[in-house]
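Hi everyone, thanks for coming. Could you please bring up the sequence and the structure on the screen, so that we can walk through them together?

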Amino acid sequence: MPCHHKLEEYLDAYIKAASIAHDRKGPLFRSVIGKAAQLSVRPILRGDLWRMVRRRASNAVIAMAIGCHTFRATGITDYLTNGGRIEVAQRMAGHPNAKTTGLYDRRNDDISVGEVERIGIWFDDSKDGV
C-alpha cells in the first residue's frame, strides 16, 4: 500500500532523529535501552507499544480506553468521512470481510449536545421531592 505523503514526512524525520538510516535491515520501531532514551537494535514489542500508548493517553488526560485499534478506527473513519469507499478501506485494512471493516467505522458514534438536549426526562433534584 502506498504511504501517505504526511506519513512519509513524519517517518523521514523519525529515521533522521533516531539515526537509523544506515541500518536498512533493522527494525523501524525499536525498543529503548532502560531509561536512557537510547534505541536498541531490537524491535519494540507489542505489549511495550500498548503500554506506551496507554501512558501517553493518560498523560494527555484522555479518559477513555485507548489502544492501537483506536488509531485504526480513527483512520478508517476519517477515510470514510472524506468520501472513501468501504471496499477500499477493507483492502487498506487487510480485512477479508467488509463487515470487519465496518466494526471500525465510527461515523455514527458522534452524538451532539443538541441531540442529547432532546431528552425530555426531568428529575426533581429538590430535597423534599416536590
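Let's begin with helix α1, residues 5-18. The expected span here is 1.5 Å times one less than the number of residues. Helices are DSSP runs of H or I with at least four residues, numbered from the N terminus.

Before we go on, please keep in mind that this is a predicted model: local features need pLDDT of at least 70, side-chain atom pairs count only at pLDDT 80 or more, and totals for chains, interfaces and linings use all residues. Residues are numbered from 1 along each chain as its sequence is written, and side-chain values use heavy atoms, leaving out hydrogens and water.

Helix α2, residues 46-59, also has 14 residues, and it reaches 20 Å from its first C-alpha to its last, close to the 20 Å expected. What follows these helices? After α1 comes serine 19, with a positive phi near 55°. Just after α2, valine 61 takes a positive phi of about 55°. And α4 is followed by glycine 94, whose phi is positive, near 75°.

Now let's look inside. Which residues make up the largest nonpolar core? There are 6: Ala73, Ile76, Leu80, Ala89, Ala93 and Tyr104. By nonpolar core I mean a set of buried Ala, Val, Leu, Ile, Met, Phe, Trp, Tyr and Cys residues joined through side-chain atoms within 4.5 Å. Buried means under 20% relative accessible area, exposed means over 50%, and partly exposed is in between, with a 1.4 Å probe and protein chains only. As a general point, nonpolar side chains tend to be buried together in soluble globular proteins.

Stay with α4 for a moment. Its buried residues are Val88, Ala89, Gln90 and Ala93, and they pack against α3 and α5 (98-102). Leaving aside residues up to four places away in sequence, alanine 93 touches Arg72 and Ile76, where contact means heavy atoms within 4.5 Å.

Next, the charged pairs. How many salt bridges does the structure hold? It holds 6, each being a side-chain nitrogen of Lys or Arg within 4 Å of a carboxyl oxygen of Asp or Glu. One of them joins arginine 30 to aspartate 23, with the closest N and O atoms 2.8 Å apart. Arginine 30 counts as buried because its relative accessibility is 7%, while aspartate 23, at 26%, counts as partly exposed. Another links aspartate 105 with arginine 107, at 2.7 Å. Aspartate 109 and arginine 106 form one too, with their closest N and O atoms 3.9 Å apart.

Finally, let's go to the surface. Ile111, Val116, Ile119 and Ile121 form a nonpolar patch there, with about 410 Å² of accessible area together. Such patches are made of residues with over 30% relative accessible area and no salt bridge; nonpolar side chains (Val, Leu, Ile, Met, Phe, Trp, Tyr) are joined within 5 Å, and like charges within 9 Å. Accessible areas come from the Shrake-Rupley method with a 1.4 Å probe, and for residues only the protein chains shown count as cover. Is isoleucine 121 buried or exposed? It is exposed, because its relative accessible area is 57%.

Key: Helix = DSSP H or I, 4+ residues; strand = E, 2+ residues; numbered from the N terminus.
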